[in-house]
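Biologist: I would like to learn how to read helices, strands and sheets in a model of this kind. Could we go through some of them one at a time?

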Amino acid sequence: MNKNDLIMTLLKGRTLIVLALLVIFFSFAADQFFTSQSLLLVAKHVALYGILGIGMTYVLVTAGIDLSVGAIVGLAGMCAGSLIYNGFTIFGYTIYFSVPTIVLIAVLVGVIGGLVNGLIITRFAVAPFIATLGTMYIARGMANLTSAGATFPNLNGKEALGNTGFEIFGRDILGFPVAVIIMLVIAFIAATILRKTPFGWHILAIGGNERAAKLSGVRVDFDKILVYMFSGGCAAIVGVIATSQLVASHPMTGNTWEMNAIAAAVLGGTSLMGGIGTIWGTVIGAFIIGVITDGMVMCGVSEFWQMIIKGLVIILAVIIDQYQRDLQAKMALQARNENK
Amino acid sequence: MSDTEIYLHAEKIDKIYPGTKALDQVSFDVKRGKVNVLIGENGAGKSTLMRIIAGIEQPSAGKLYLQGREVTFPSTVEARANGIAIIHQELSLFPNLTVFQNLFMASEHTKNGLLDDAEHRRLAKGVLERLKYPIDPNTKVGDLRVGQQQMIEIARNLLIPNLKILIMDEPTSSLSESEVDTLFTIMRELTASGISIIYISHRLEELMRIGDFVTIFRDGKLVAEAAVKDVDVPWIVRHMLGKGKNYPKRSEQIDWSKRETVLEVKDLTLPKSGGGFLLNKVSFNLKKGEVLGFYGLLGAGRTEIFECIMGLRPLHSGTIIKDGQQLEIGTLSEMIGKGFAWLPEDRQRDGLVQTMNIEQNIALSNVGAYSTAAGLIDQAAEDRDVSDMITDVKIKVADKRLPILSLSGGNQQKCVFAKGALTHPTIMLLDEPSRGIDIGAKTEIFNLIYQYAEKGVSLIVVSSELEEIIAIADRIVVLSNGLKTAEFTGDDINQDNLVKASYLGHQHSKD
């Protein structure tokens, strides 16, 4: 093993190393950090960014971006809140759905939002940044319209209406937060799809070289639409979880969370240029963001300094990522010369 | 000035990469006002030496002397300051900018601190006229074809003031014969004005035509040098390969009239956006197990025929019959399903996904076929097929999980071929399959073509290299300016016939 190989191994494992160092650091810096109670709280926050980040990773891998996810969090949450609080009124009758149906409808709203993104991007050749910037405003506006900007409080439901149990997603099962379980399940499925199915292979190819992918027979537009639908669906799931955790839905929930999702993906080694990214990297990236944020809160670092430090960490992560890619290219070149 | 004044001398250059010696004690002279030809297989070290002379890389040992004075080029800036310019094999243009913006990138002319675009356009026009290449300087480079882009790349370097040494790394790999002629005229003008040219190419007949001195590299060593007038092609090939080698001509005698027709194209027509035709009533057929050659100059319509068949040109008209049935042209993935495979002309841009490894690139077109009931890829089947394919097309690689870019150009091209072959096509469309790869790899690609033809696959091969297409094709269709001008078989396939037919379409349109 030469020096480059050693550096490479360290670089590849860097997200886990950084996470471990951060946990150790905060355990000493803040007394109450390394307690099961605090760690579970961190994990609950992490689950939200993690799920958003998983959807975002798919989008980034195709060399796209989805700015609408934060707003879809809000919209899906408001849909769920409204359906529990007000029910659904049609022809003068008000229907109260059961919680599973409500969750399904909320997720469907997110998937449809993603479908709209995908169609705008592929059918009208609008740059993903602009298309999702537009739908971000539209979704946020629609979220506010459901309640005229107000909050739906107290979403426990009523036994008589048969819509209780919504708070489950904010709870723990056997001492483990439901949100984290959902994240791990989604992460497992998403990672399997990305690495082990033709679809995953195709979206990696789209991000790596869209022309070559198309000329190899990949249905580029269709696959891209699916990717944005997945991202929208993930956002809606986060909307449901966030609403459930608060037992209330506010139309501004999820504001700027798309940035945390992008940051989680980038910290986990996903390239904004497309073609490179892993789901578990993003999950670790989400943990890094969560640990930094909550750790600094527990240390009593001011909110303003938190922002600055978070920004620095993200930039540093990308710089290291770039260094790794340069080194990789250098090693590939060497291998090529050795092959000759 | 003596006849062979040495302008630049490289003394005992070593270049060591970890684990490999790219250059081994190479001493090389650049003769002033001459075309200094470098030749050797890929990886022989010639490009590395050029990168050192151009300041892109630093030698591990050895010295450079410019007119007897020792120099070092820590970067391209110093090399450029000494009038040394390099035209890269891979294009380095800005597709989103216009021709004149590309020509003057980083050497802009200004007036009162603002860009002087009038001056840019005037100078651009001048240099393009000199190249006999009347492209509108306001055209976006991304809209130009590969060959046209290469001429822009060449024009850009001609604009360098104080040019002393011009290094050209395979400048003709996507130029047509007439463009090559123009380029050679320009090169003669340059050498007459005292500029030294270092010329790298894999095209032997070109080297014999334009070269003054030839230097041969093999395995990082300089193995032979001579004045071109004193040597012949077999001598060069012998030194390059260490043994004699020529394009093998497919020898077997087949009565093609008895073979079944797998593809029949009738009156294929494709309108040009600005009026006129890219393809004008082109008809041809393809027999089972046949290698059909398409020869023609740049813009003759060769690539467009492939694009029509593969579903990328929905505006085309005409009838295409496959295996006796009219063929509905669908999307590209549908056409792959119907038994077609296409190797695009531009390997890097259209053929490979650079971020994926060798295995993933080869399996890309066929990965859907490995999907199990659960939707997962059947890793074992995929793994076995890719490994078989790597053996079948003879890709030299230790581990198929290495990055695709760790392979040499020839092996990369074999991967693109393997990707097409893995979908079990009955018809393969190969667009310039030997572009920019060395003779050894070329011969291997040709052998692959024969191998698949013998299996019963029908292949259409586009090539702008005369000797190549003559060697490999059973039958040759010549295209010119969108028209089919000739079709040759057997002994009629020769350079004279092909070249004559390649101009016919232009005369036709002027009448």
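Predicted model: local features only at pLDDT ≥ 70, side-chain atom pairs only at ≥ 80, totals over all residues.

Modeller: Residues are numbered from 1 along each chain as its sequence is written, chains are lettered from A and ligands numbered from 1 in the order in which they are written, and side-chain values use heavy atoms, with hydrogens and water left out.

Biologist: How many residues does helix 10 of chain A have, and how far does it reach?

Modeller: Helices (H or I, at least four residues) and strands (E, at least two) are DSSP runs, numbered from the N terminus. Helix 10 of chain A, residues 220–246, has 27 residues and spans 39 Å from its first C-alpha to its last, close to the 39 Å expected at 1.5 Å a residue, where the expected span is 1.5 Å times one less than the number of residues. After helix 10 of chain A comes A:Val247, with a positive phi near 50 degrees.

Biologist: How does helix 7 of chain A run relative to helix 10 of chain A, parallel or antiparallel?

Modeller: Axes are lines fitted to C-alpha atoms, for helices over the stretch in contact, and angles run from 0 to 180 degrees between N-to-C directions. The axes of helix 7 (residues 178–196) and helix 10 of chain A come within 11 Å and cross at roughly 170 degrees. The two helices are therefore roughly antiparallel to each other, given that angles under 35 degrees count as roughly parallel, over 145 as roughly antiparallel, 65 to 115 as roughly perpendicular and the rest as oblique. Contact means heavy atoms within 4.5 Å, and the residues of helix 7 of chain A that meet helix 10 of chain A include A:Ile182 and A:Ile186, with A:Phe230 and A:Ile237 among those on the helix 10 side.

Biologist: Which residues lie on the two faces of strand 20 of chain B?

Modeller: In a regular strand the side chains alternate between the two faces of the sheet. In strand 20 of chain B, B:Ser458, B:Ile460 and B:Val462 lie on one side and B:Leu459 and B:Val461 on the other, and all are buried. Two strands pair if DSSP finds at least two bridges between them; strand 15 (residues 291–295) of chain B pairs with strand 20 of chain B in the parallel sense over 4 bridges, and strand 19 (residues 427–431) of chain B runs parallel to strand 20 of chain B, joined by 5 bridges.

Biologist: What is the strand order in the open sheet of 4 strands in chain B?

Modeller: The order is 14-13-16-17, with antiparallel pairing. Strand 14 (277–287) and strand 17 (325–326) of chain B each have a single partner strand and stand at the edges, so one side of each is left without a neighbour in the sheet.

Biologist: Is B:Asn361 buried or exposed?

Modeller: B:Asn361, in helix 12 (residues 358–363) of chain B, has 2% relative accessibility and counts as buried. By contrast, B:Glu454 in helix 15 of chain B is exposed, with a relative accessible area of 54%.

Notes. Buried < 20%, exposed > 50% of the residue type's maximum accessible area, 1.4 Å probe, protein only.
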